[in-house]
Amino acid sequence: MKFKKGFTLIELLVVIAIIGILATISVLALSNARVKSRDAKRAGDIKQIQTALELFFNDKQRYPTTEEWNTGKIYSTTTGSTSTYMQIIPNAPTPADGLCTDTKNTISYTPSSDWGSYSISFCLGNTTGTLTPGPKCLTPGGIIDMDCSIGSCGGVSQVVVSSINGYVCNESAPYYDKCTYDTVEIGTQCWMKQNMNVGTMVAGANNQTNNSTIEKYCYGYRQDGNAGQQSTGVASCNTYGGLYQWNEAMQYSTSEGAQGICPVGWHIPTDTQQNILDQYLTDPPNTCIAGRSTWGCANAGTKLKSGGASNFDGLLAGYRYFDFWFYFNGAYAFFWSSSINGSNAWTRVLFSGDSTVSRGFDTQAVGLSVRCLKD
């Protein structure tokens, strides 16, 4: 009787191991394909949403309201017919993966207050084309590598200023008003990331007046009609924003937290609100005591300056003094609050050679920078 030679135990184990490796490779390949497919769908959906929103804008000269978005489709009723640009607004694939939490994975739409812009938060689990993993923000200008999900400044990544107290913002105007501002969430507060720069440029030799338009100083432009100074002033405002007397910044209100030259939904911060920012950024065990005439808050100034850890990006814009001259560009930054101190108003000061932020007060006739805080 002949016996057929079988597998030894070792050979069987080797075969089983090989089968296991092949199975694992197959599962990993399938998993990778699914991951790539999920992110490709996310990116494709966002591009389709952007196209639909632009078609809506061409039809209505604005973007959808929150209520219109919440209908689950993008459509517009015109004079002659109803146009549907996206029958069903897509949802993000689930479950969340990579750097995407459940909140950040959600596609969230936030229009600007005048519906002239929007931000849409979404998230990518992995690299897709030129896009890196993590939270992303879609704006009319394209995809920005930042987090604008709900909980980050209420979903607002940019603020578009169309008009303030009758003054119409126009970036193509001769003095280049800034109409779009980035935002940054610091602690529980949402701040604009740039100094306000709206208004008609007036020479530093003049006081700003309560008239039908907003007026701004631009560092270096002191004498009316001086072409060289005017050119310097335009460049300064483009970089550092405008400088405003307190009454002009407040638009002639004396109420704490007034909107002033800020857009709808934003206001000139109060002294107390500025203190909240100071306290949040101060390294413990140091504190900034509210009510004191001045203080220094350890390392908060470093964090608030351009390039600092807070992303507040406080530029050292200098100021226009009440003697009609400009001083300290590149050395100091002064920010108005909406809180009065006698005949003066409270301010915050950053200095190039100091790591602190200081509380001070100035006569309302000087021209200082303005940062707006979300209501």
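Predicted model: local features only at pLDDT ≥ 70, side-chain atom pairs only at ≥ 80, totals over all residues.

Colleague: Are Asp97 and Arg38 buried or exposed?

Modeller: Both Asp97 and Arg38 are buried.

Colleague: And which residues are linked with them in a network of salt bridges?

Modeller: The network of salt bridges links Arg38, Asp39, Arg42 and Asp97.

Colleague: What about Lys41 and Asp45, how far apart are N and O there?

Modeller: The side chains of Lys41 and Asp45 meet in a salt bridge at 2.7 Å, N to O. These two residues are four apart in helix α1, which means that about one helical turn separates them. Lys41 counts as partly exposed, at 39% relative accessibility, while Asp45 is buried, with a relative accessible area of 11%.

Colleague: Which residue forms a salt bridge with Asp283?

Modeller: That is Lys303, and the closest N and O atoms of Asp283 and Lys303 are 2.6 Å apart. This pair links distant parts of the chain, 20 residues apart, with Asp283 in the loop between α6 (271-281) and β15 (296-297) and Lys303 in helix α7 (residues 300-304). Asp283 is partly exposed, with a relative accessible area of 24%, and Lys303 is partly exposed as well, with a relative accessible area of 21%.

Colleague: Since α6 came up, which of its residues are buried?

Modeller: In α6 the buried residues are Asp271, Gln274, Asn275, Leu277, Asp278 and Leu281. Because they cover an arc of only 155° around the axis, they lie on the same side of α6. Thr272 and Tyr280, on the other side of α6, are exposed.

Colleague: Switching to rings, how many aromatic pairs are there?

Modeller: The count comes to 19 aromatic pairs. In one of them, the rings of Tyr217 and Phe326 have their centres 6.5 Å apart and their planes at 80°, so that pair is edge-to-face.

Colleague: Where in the chain are those two?

Modeller: Tyr217 is in the loop between β13 (215-216) and α4 (227-240), and Phe326 is in strand β17 (residues 326-327), so to speak of the pair is to speak of a link between distant parts of the chain, 109 residues apart. Tyr217 is buried, with a relative accessible area of 0%, and Phe326 is also buried, with a relative accessible area of 12%.

Colleague: And what angle do the planes of Tyr321 and Phe322 make?

Modeller: Their planes are at 35° and their centres 4.2 Å apart, so the pair is tilted. Tyr321 is partly exposed, with a relative accessible area of 27%, and Phe322 counts as partly exposed at 43% relative accessibility. Both belong to a cluster in which ring pairs link Tyr319, Tyr321, Phe322, Tyr327, Phe328, Tyr332, Phe334 and Phe351.

Colleague: Last one: which ring does the charged end of Lys73 sit over?

Modeller: The charged end of Lys73 sits over the ring of Tyr75, 5.0 Å from its centre. The charged end of Lys178 sits over the ring of Tyr181, 5.8 Å from its centre.

Terms used: Residues numbered from 1 in each chain as written. Heavy atoms only, no water. Buried < 20%, exposed > 50% of the residue type's maximum accessible area, 1.4 Å probe, protein only. Salt bridge = Lys/Arg side-chain N within 4 Å of Asp/Glu carboxyl O. Arc of directions from axis to C-beta. Phe/Tyr/Trp six-rings, centres within 6.5 Å; stacked < 30°, edge-to-face > 60°. Lys NZ or Arg CZ within 6 Å of the ring centre and 35° of its normal.
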